[in-house]
Amino acid sequence: MNDRERIQALPWKSDAISKETLEEVLRTPQGSMELRPIQVEACSEILRQGGLFGPIAVGAGKTLICALAPTLLEAKRPMLFT
């Protein structure tokens, strides 16, 4: 396989799942928080890829992403590597 074929075989990133859809699924009955754009993107990738490598900036919302990931994946024993 040459370089061109290898690159073309890489998975393409599709559009993120809508913010409204994610918030509807994840929000608790009393919840009022809204997801930031980077959190929507990260949660969409978690659902599509079954995990996430997310070099996300300080203060951008990684803690909430980490807290939501087990719910998104329906994980029984979630593990976080930092």
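The second largest pocket has a volume of about 200 Å³. A pocket here is an open set of points on a 1 Å grid over the protein atoms alone, where a 1.4 Å probe fits, with protein on both sides within 12 Å along at least five of seven lines, and lining residues have an atom within 4 Å of a point; a volume is the space filled by probe spheres set on the points, which are joined across faces, edges and corners. The model is predicted, with local features needing pLDDT of at least 70 and side-chain atom pairs pLDDT 80 or more, while totals for chains, interfaces and linings use all residues. Residues are numbered from 1 along each chain as its sequence is written, and side-chain values use heavy atoms, without hydrogens and water.

Helix α2 (19-26) gives the most to the lining of the second largest pocket, with 3 residues; helices are DSSP runs (H or I, at least four residues) numbered from the N terminus. Among the lining residues are Leu-22, Arg-27, Leu-64 and Leu-68.

In the largest pocket, Leu-52, Cys-66, Met-79, Leu-80 and Phe-81 lie nearest the centre, and helix α4 (residues 62-73) supplies the largest share of the lining, 6 residues.

| Pocket | Volume | Lining residues by class |
|---|---|---|
| Largest | about 570 Å³ | 15 nonpolar, 4 polar, 1 charged |

Ala, Val, Leu, Ile, Met, Phe, Trp, Tyr, Cys and Pro count as nonpolar, Asp, Glu, Lys and Arg as charged, and the others, Gly among them, as polar.

Key. Helix = DSSP H or I, 4+ residues; strand = E, 2+ residues; numbered from the N terminus.
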